[in-house]
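Thanks for coming. I have one structure to go through today, and I will keep to what was computed from it. Please have the viewer open.

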Amino acid sequence: TAQNCFVLGYGGHGALEMDATELYSPTYAIFGYDGFGSGVAVQKGGRFMAGHPITGGVEDTPTQVHVGCHKGRTAGRVVGQWWQKDGAYACSSHQSFVAGIGSDGSVDKQTYGTLTIDGTGTTFHVGGPIGVGQSYDSTGIVNLKDGGTLRAKTFYGASAGRNGKSYVNFVGGTYEYIGWGATCLFGISPDAYNEADRSMTRVTVYAQGGAIELSSSQKDRKFGQPIHGATGRGVASIPWADTESTFIGAPAIVIEGDGIGASAMANYDPDTRTVSGFTVTSPGCDYTMATAYVLQGPVTNAVIDLAGSLVENAPDGGMTFRHTNTGSIVFDVANTYTGPTVLDSVHASAIFAITNKDAFAASSSIALKGNAKLYIGGYTLADLSAPFRFMGGTVTGELPRYAIPEGRLVVDASDILSGDANTLADNGNIALPSSVTLLNGERLREAFASDSSKRRFKLLELHSKDANTPLVVHGV
């Protein structure tokens with residue numbers, strides 16, 4: 001337990017590795033502070049608590065945790081990194097977490113901070129917002145990786161006029177949006193706390209895909225900025241042959257180059273005090289040259305040329321958006337990722353609304369699933385570039401009547417037989433096409449041949465305003 005605040009790497013280097021321990025910091029916790037300070041936290045288990053502990057949780061007390069914090073007292077680059085691989089991160093409901101917070105804008109006072117939530121079942125819960133590259137000359141990177149989940153109220157970057165860089169990377173992980181005063185998932189909207197836009201520099205989804213879970217009951221939440229697919233070349237690996245040199249703890253690693261968003265963490269063995277290599281936590285985008293710096297405070301242990309480690313990024317894996325509460329989310333921006341889009345909901349009253357005809361790229365697709373309710377407003381579905389795949393839920397619209405264009409409604413028999421496909425409802429405002437393309441239709445024949453009782457199931461109920469117009473199904 002820290003008496004007041006917890007600081008690791010104040011002008012030098014400090015490292016923390018948590019396995020089965022519990023660490024409590026009542027106010028501030030800082031990893032990498034001032035001068036050439038660097039601090040690295042690797043959580044493999046245990047529990048980190050920020051805020052005053054009470055029975056069953058953490059009290060409603062404002063606190064802050066910073067990875068990479070420069071207050072301008074001494075020149076130099078400050079580096080902070082947090083890698084959660086397991087364990088619990090608990091906090092007060094107003095606590096914020098900042099990856100990269102700068103100082104007064106002096107050119108010799110840079111800050112670099114990364115946060116990586118890595119692994120299925122790993123949840124990092126922040127009661128307040130996540131600050132990313134929040135101030136002058138600061139770079140912040142947040143990676144949601146391989147099943148890890150970050151629960152937070154929003155992300156926010158630097159204020160206008162500051163040159164902070166902020167990156168959020170979906171590398172197979174989930175962002176659970178729990179709501180806040182700001183109306184956007186990314187960035188503080190102009191009408192919140194009289195602040196200007198503080199969006200991320202870039203939000204990127206990689207080949208592993210990503211997910212956003214909406215557990216808030218708040219209405220009309222917006223994105224604030226688009227999600228992009230990975231582009232150009234990224235860092236695939238960090239070459240490392242020095243497995244004998246000893247370190248006081250996991251060293252920090254900073255990747256620089258002409259691209260954006262790449263990051264890595266050291267694989268450190270506390271028993272032998274050696275580094276066996278590095279894990280790339282985000283490959284980044286658009287690199288033609290890159291260099292990795294392995295650091296311990298003011299000491300640079302290695303400078304690694306990454307020219308031979310750059311590879312073309314694979315096509316992105318798309319995004320899943322899932323409602324677990326009764327709120328609504330508005331697709332108000334033009335997302336450019338090319339992978340599939342899945343809209344899913346536990347609650348029938350939750351709404352997905354599309355108010356931007358370019359919300360999804362032409363090479364993406366829209367799959368409606370479960371109890372999802374999709375609301376189309378302001379334009380016709382014919383304007384949508386992405387094909388529509390029905391897996392359940394309801395489509396509604398507003399007057400005048402909107403038409404799903406011919407050849408654009410796709411139903412998968414695999415979803416029907418698994419019970420996912422329900423009703424595509426027409427409330428009088430949605431005009432259905434005269435035909436629907438059915439994928440995997442041979443599965444229906446196989447199911448009927450083996451079990452004639454399946455004939456009683458409604459494969460798909462399509463409500464049309466004109467009940468006398470037959471619906472032609474292709475693929476059976």
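K44 is partly exposed because its relative accessibility is 32%, where partly exposed is the range between buried, under 20% relative accessible area, and exposed, over 50%, computed with a 1.4 Å probe on protein chains only. Before I go on, note that this is a predicted model, in which local features need pLDDT of at least 70 and side-chain atom pairs count only at pLDDT 80 or more, while totals for chains, interfaces and linings use all residues. Residues are numbered from 1 along each chain as its sequence is written, and side-chain values use heavy atoms, with hydrogens and water left out.

Back to K44. Its side chain forms a salt bridge with that of E17, at 3.2 Å from N to O. The rule for a salt bridge is a side-chain nitrogen of Lys or Arg within 4 Å of a carboxyl oxygen of Asp or Glu. K44 is in strand 5 (residues 38–50) and E17 is in strand 2 (residues 13–18), so the pair ties together parts that are 27 residues apart in sequence.

Another of them joins R77 and E256, whose closest N and O atoms are 2.3 Å apart. That pair links distant parts of the chain: R77 sits in the loop between strand 8 (64–69) and strand 9 (78–91), E256 sits in strand 24, and the two are 179 residues apart. R77 counts as partly exposed because its relative accessibility is 22%, and E256 does so at 35%.

Next is K145 with D118, where the closest N and O atoms are 3.7 Å apart. K145 belongs to strand 14 and D118 to strand 11, so this pair ties together parts 27 residues apart in sequence. Are these two buried or exposed? Both K145 and D118 are buried. They also belong to a network of salt bridges that links D118, K145 and D146.

Most residues other than glycine have a negative phi. D146 is not a glycine, yet its phi is positive, about 50 degrees. It lies in the loop between strand 14 and strand 15 (149–152), and it is partly exposed because its relative accessible area is 36%. R273 is another non-glycine residue with a positive phi, about 60 degrees. R273 is in the loop between strand 25 (263–269) and strand 26 (274–282), and with 40% relative accessibility it counts as partly exposed.

Now the largest pocket. Its volume is about 360 Å³. For the method: on a 1 Å grid over the protein atoms alone, a pocket is an open set of points where a 1.4 Å probe fits, with protein on both sides within 12 Å along at least five of seven lines, and lining residues have an atom within 4 Å of a point. Grid points are joined across faces, edges and corners, and the volume is the space filled by probe spheres set on the points. The lining has 20 residues, of which Y112, T139, K165, I255 and E256 are closest to the centre of the pocket. Strand 11 (111–118), strand 14 (138–145), strand 17 (165–171) and strand 24 (252–257) each supply at least two lining residues. Strand 24 gives the most, with 4 residues.

On packing, the largest nonpolar core has 55 residues, and F31, F186 and I212 touch the most other members. A nonpolar core is a set of buried Ala, Val, Leu, Ile, Met, Phe, Trp, Tyr and Cys residues joined through side-chain atoms within 4.5 Å. Strand 34 (residues 366–376) gives the most to this core, with 4 residues. A second, separate core has 33 residues, including W83, A250, A302 and L306.

To finish, the chain as a whole. It has 2 helices and 42 strands. Of its 476 residues, 56% are buried. Taking contacts, meaning heavy atoms within 4.5 Å, between residues at least 6 apart in sequence, 74% join residues at least 24 apart.
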